[in-house]
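Please keep the sequence and the structure in view while reading.

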Amino acid sequence: AARWQNEVRERLLAILLLSDLWEQKSAIPLNPVTLSEEPAEGFTRWEIEIQSTPRRRIPAVVTMPREGTPPFPAVVCVHGHGGTRHSVYDTGSIYKGFAAELARRGTVTIAADVGRHDVREVGRTLMGERLWDLIRCVDHLAGMKEVDAKRIGCAGLSLGGEMAMWLGAMDPRVAATVSAGFLTTMDQMEQNHCLCWKVAGLRALVDYADIYSLIAPRFLQCQNGLKEGPRDFYVPLAREALKEIQPIFADFGHPERVTLDIHGGGHEIDLPALLKFFEENL
């Protein structure tokens, strides 16, 4: 199982046109710059900028708990289509302010923008650039003295759930992943959805269940709402996809580490389930 994971990761890096960046990552300095700082309820928020590739810098939000003793756990928080890095802190949104709630509960958070649909560098792919920016967020967390590098997680909704899947699958430093509003099949995503997920060669190699399987035996929670319709992130499809993910967790001896949270809502974060998952596993 581990050998299969390593082989698939290597092939996916090539499909995403990220192999060169992955190989030279440690040689690319982050060069973080703080743009602003402001207090919030229970935590401090910074707007920062970091180096993603040798030619491209990205903005990010970082929060630090004001109480507790470091090193803290940390979570990369990912928005969906139509959102920004600030959306995951908005308590009045479909994200339920999950990033802010984690911050208030003693977790360092970071959020970057992944919603654009233009490729910024020649020779890259859209999904590859989105994923790489999130990998660089993990780099930043792992380098913070206030963060326990062994307790880094990620979570997102919709496109953010997709990107949490990718990040958890491709970066073994991510110890726990919440992928909300996304568990489905590629056949389903071919219709009535933004096709920004498609990369040449992807479907010939994997379906989403295979990508999720790269997370094993680390912790994975998928969330799907019962109010999602047959054209959307439909619970029956999520159940079928889960059946294809479970065997590899069993192969690693940890079938209990992958769960599907089916909640009564729609396309939204199930906040209590997310908080309980990270409390138990991060």
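Does N31 count as buried, partly exposed or exposed? At 43% relative accessibility, N31 counts as partly exposed, where buried means under 20% relative accessible area, exposed over 50%, and partly exposed in between (1.4 Å probe, protein chains only). The model is predicted, so local features need pLDDT of at least 70 and side-chain atom pairs count only at pLDDT 80 or more, while totals for chains, interfaces and linings use all residues. Residues are numbered from 1 along each chain as its sequence is written, and side-chain values use heavy atoms, with hydrogens and water left out.

N31 is located in the loop between α2 and β1; helices (H or I, at least four residues) and strands (E, at least two) are DSSP runs, numbered from the N terminus. The phi of N31 is positive, near 45°. L17 also has a positive phi, of about 60°, although it is not a glycine. This residue, L17, belongs to the loop between α1 (2-15) and α2 (19-24), and is partly exposed at 37% relative accessible area. Most residues other than glycine have a negative phi, and most peptide bonds are trans.

Two cis peptide bonds can be described next. One runs from P70 to P71, with omega near 5°, and P71 lies in the loop between β3 (56-65) and β4. Another runs from A216 to P217, with omega near 5°, and P217 is in the loop between α8 (208-213) and β8.

The strands form an open sheet of nine, in the order β1-β2-β3-β5-β4-β6-β7-β8-β9, with mixed pairing; two strands pair if DSSP finds at least two bridges between them. At the edges are β1 (33-40) and β9 (258-263), each of which pairs on one side only. Strand β1 runs antiparallel to β2 (residues 43-53), joined by seven bridges, and E37 stands opposite W46 in β2.

Helix α4 (residues 126-142) contains H140, which is buried at 12% relative accessibility. Beyond neighbours within four places in sequence, H140 is in contact (heavy atoms within 4.5 Å) with L30, P32, I48, I50, V62 and I110.

The cysteines remain. A disulfide is a pair of cysteine sulfur atoms within 2.5 Å, and the count comes to zero. The sulfur of C154 is 9.2 Å from the closest cysteine sulfur, in C77, and is therefore too far for a bond. C196 is in no disulfide either, the nearest cysteine sulfur, that of C194, being 3.4 Å away.
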